[in-house]
Amino acid sequence: MTRVALIDDHESVRLGLEAACARADKDVVFSGSSVTGYLEWRAFSAAPPADVVVLDLTLGDGTTVTENVRRLVVDGSSVIIHSVADRPAAVREALAAGAAGVVSKASPIGDVIAAVRTVASGEPLNNVEWASAVEGDRAFADAQLSARERDVLRLYAAGLPLKVVADRLGVAYSTAKENITRVRVKYVEVGRPAPTKVDLLRRAMEDGILSEPNDSEGVGGVGA
């Protein structure tokens, strides 16, 4: 059973999510108003980290979304931002800090549960709120990848082994590997590190390089 923590300083929101999680056979292990409170509960109870934390974008305790997301990710949980989708810069900040995705508070409760299910299974969360936040902040897509780097990233992030990527593009394995290294460096330079293949998939989806998680079709318009 998926273990879920709910962090929101509005009790009514938490109660609604708790009821929905119970109906969906999700185990709500913590419900509270701050990340600090959750981590203190973890330390006191010696409980393992929640699989997924549903986190309000802005809490009333003076903490920032970056520090909240990072603390939760470092602690071992995946984070879904649950917020109104009218602050793209703050949503971008949450995603850059490592959040798995965002679901609007205006969304049906079933969408929140579906997002928890998706993230708990290890899949990236690709939704309208995420796309809107990225589109609303042009700096988010400013890694400035070359055409070749985009092609290599697209195939590699879609799940192909690097050797297959190289064969598909007609380049040496060492060239494909060098392209992925450069891609990672460029994302670090714009504050969006991608140390794992899942992170690269997320970046490719954020930047419109890969539209679907299973998109492994052939490449069109490969750069020279």
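Colleague: Between which two elements is the loop that holds Asp25 found?

Modeller: Asp25 is found in the loop between α1 (11–23) and β2. Helices (H or I, at least four residues) and strands (E, at least two) are DSSP runs, numbered from the N terminus. This is a predicted model, in which local features need pLDDT of at least 70, side-chain atom pairs count only at pLDDT 80 or more, and totals for chains, interfaces and linings use all residues. Residues are numbered from 1 along each chain as its sequence is written, and side-chain values use heavy atoms, with hydrogens and water left out.

Colleague: What is the phi of Asp25, and is Asp25 buried or exposed?

Modeller: Phi of Asp25 is near 60 degrees, a positive value in a residue other than glycine. As for cover, buried means under 20% relative accessible area, exposed over 50%, and partly exposed in between (1.4 Å probe, protein chains only). Asp25 counts as exposed because its relative accessibility is 55%.

Colleague: Which residue follows α2 with a positive phi?

Modeller: That residue is Ala46. Ala46 has a positive phi of about 60 degrees although it is not a glycine. Ala46 lies in the loop between α2 and β3, and it counts as exposed because its relative accessibility is 67%.

Colleague: Why does Arg42 count as buried, and which residues is Arg42 in contact with beyond its sequence neighbours?

Modeller: Arg42 counts as buried because its relative accessibility is 15%. Its place is in helix α2 (residues 35–45). Leaving aside neighbours within four places in sequence, Arg42 is in contact with Ala47, Pro48, Pro49 and Asp75. A polar contact is a pair of N or O atoms within 3.5 Å; within protein, one must be able to donate a hydrogen and the other to accept it, and residues adjacent in sequence count only if both atoms are side-chain atoms. A polar atom of the Arg42 side chain lies 2.3 Å from the backbone oxygen of Ala47.

Colleague: Which residue caps the N-terminal end of α2?

Modeller: Ser34 does so, with a side-chain oxygen 2.9 Å from the backbone nitrogen of Gly37.

Colleague: How is a strand to be read, and which residues lie on the two sides of β5?

Modeller: In a regular strand the side chains alternate between the two faces of the sheet. In β5 (residues 101–104), Gly101 and Val103 lie on one side and Val102 and Ser104 on the other, and all are buried. Two strands pair if DSSP finds at least two bridges between them. Four bridges join β5 to strand β4 (residues 78–83), and the two run parallel. Val103 in β5 is the bridge partner of His82.

Colleague: What is a nonpolar core, and which residues of the largest one touch the most other members?

Modeller: A nonpolar core is a set of buried Ala, Val, Leu, Ile, Met, Phe, Trp, Tyr and Cys residues joined through side-chain atoms within 4.5 Å. The largest has 25 residues, of which Leu145, Leu153, Val165, Tyr187 and Leu200 touch the most other members. The elements that give two or more residues to this core are α7 (147–157), α8 (162–169), α9 (173–189) and α10 (197–206). The largest share, five residues, comes from α7. Apart from this core lies another, of 24 residues, among them Tyr38, Ala50, Val65 and Leu95.

Colleague: How many residues of α10 are buried?

Modeller: Eight of its ten residues are buried, so α10 is mostly covered. One of them is Arg202, which is buried because its relative accessible area is 12%. Arg202 and Gly101 are 101 residues apart in sequence and 9.5 Å apart in space, C-alpha to C-alpha.

Note on methods: Contact means heavy atoms within 4.5 Å.
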